[in-house]
Each structure stands twice: as C-alpha cells, then as structure tokens.
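Thank you for making time this morning.

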Amino acid sequence: MKTQNNKLTTHLDHQDKGKKSLIIGGVIVILIAITPIMFYSYKSFPDTQVWETYFFTLHTDFPDWYGYAWYLTGKVIPLFLLLLWFFTCKHWWHWIILVPIAMYSFQLWGLINESGGYDEIEMIYLLPLMMFLIPFVYLIRAKLFNSVRGYDHQSFEEELGQKQTLWGQLRDLFR
C-alpha cells in the first residue's frame, strides 16, 4: 500500500510541476508578446522639456520627454529581453549573455543620469567584464568538449602548447 501512495504522490508531484511549468511558460510568452506595446509607450510622453501634471512636475535635459522616452525604451526593452533570455536559458554558454546585459545596463545608467555622452563610455566598463567572462566561457567549452571527446588533461595541455598559424587556431576554435 505504501508504494502505491508513493507512486501516486510522485505522479501528482509531476503533474504539479507540469502545471507550474505551463504557467511560468505562459507568463514568459505574454511578457515577450507585450514588448512591442511597451516599446511604443514612448509615444505617450509629451513633446516638451517640462512635464507637468496635477501630481508632479519633471524637467529633462533632453530636447523633450518624447525623445528621452524613446531612448529609454530603446535600452529597457532589449535589457528586459536579454535578462529574460539569461534566466531561462539552459545552455552552458548562457553566461556570455552577461556582456550585452552589462552593455545595456551601463547605457541605461548613463541615460537615467543624463550624463550627456550616451552610448560612448560603456566600453571602458565592459572591458574588465569581457576579460573575465570570455575566457571563462571558453574554458567551460573546452572542458565540456574535452570530456565529450575523451581527451585526457595531458593531451589537452600539449595541444594548447603547440604553435599554430592563425588559420589553424581559428579552425580549432570551431571543431
């Protein structure tokens, strides 16, 4: 009797996980589907530098709020989609998505602060991240292919130590 209950509860657990997965997947699909509506929300902003309502008054250094909102949605929507992709991706290489996420984050930060040099200096801040992430992702790739192809550690080090032409190195990257 006890084994039947365990099988029944295990089956119910799988059904609950399946329903939960469908709900989460549905929410993700809806979020992706409404991104055009979110992007074109910039059209509802005023064409003036000062935005006055009954509740607040806002001033921008941009020529108008319409342009500011256009730049803002042009940064927020790709950042949102990249974050969604990063957190739902199950591939080993998903860590490299952090590079464009960081790029859009720096651009968004500069835009929110209205620092003036939009989309110009984020590369300075991205270089340290790229210097860490790109070799890290490549090392993961190398270890995965090493284990899949059955190479031992010694032959892997010998292969790395060999002098090769540029064409040979590029060919090895994609084999």
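Predicted model: local features only at pLDDT ≥ 70, side-chain atom pairs only at ≥ 80, totals over all residues.

Residues are numbered from 1 along each chain as its sequence is written, and side-chain values use heavy atoms, with hydrogens and water left out.

The chain has seven helices and two strands, where helices (H or I, at least four residues) and strands (E, at least two) are DSSP runs numbered from the N terminus. Read from the N terminus on, the elements run α-α-β-β-α-α-α-α-α. Of the 175 residues, 22% count as buried, and here buried means under 20% relative accessible area, exposed means over 50%, and partly exposed is in between, with a 1.4 Å probe and protein chains only. The accessible surface comes to about 13,300 Å², of which 68% belongs to carbon and sulfur atoms; such areas come from the Shrake-Rupley method with a 1.4 Å probe, and for residues only the protein chains shown count as cover. If we take contacts (heavy atoms within 4.5 Å) between residues at least 6 apart in sequence, 54% of them join residues at least 24 apart.

Let me turn to the helices. H3 has 24 residues and reaches 34 Å from its first C-alpha to its last, close to the 34 Å expected, the expected span being 1.5 Å times one less than the number of residues. Its buried residues include Trp 65, Tyr 68, Leu 79, Leu 82 and Phe 86. Helix H4, residues 98-112, should span 21 Å with its 15 residues, and its end C-alpha atoms are 20 Å apart, which agrees.

Which residues does Ile 101 touch, not counting those up to four places away in sequence? Ile 101, found in helix H4, touches Leu 79, Leu 82, Leu 83 and Phe 86, and because its relative accessibility is 7%, Ile 101 counts as buried.

In the loop between helix H3 and H4 we find Trp 93, which counts as partly exposed at 28% relative accessibility. Leaving aside neighbours within four places in sequence, Trp 93 is in contact with Trp 85 and Val 137, and its C-alpha atom is separated by 7.8 Å from that of Arg 141, 48 residues apart along the chain.

Now to the aromatic residues. Rings of Phe, Tyr and Trp (its six-membered ring) pair if their centres lie within 6.5 Å, and planes under 30 degrees apart count as stacked, over 60 as edge-to-face and the rest as tilted. By this rule the count comes to 15 aromatic pairs. The rings of Phe 39 and Tyr 40, for example, have centres 5.1 Å apart and planes at 80°, so this pair is edge-to-face. One aromatic cluster is formed by Phe 45, Trp 51, Phe 56, Phe 62, Trp 65, Tyr 68, Trp 70 and Tyr 71.

Finally, Phe 56, a member of that cluster, sits in the loop between strand E1 (50-52) and strand E2 (57-59) and, at 34% relative accessibility, counts as partly exposed.
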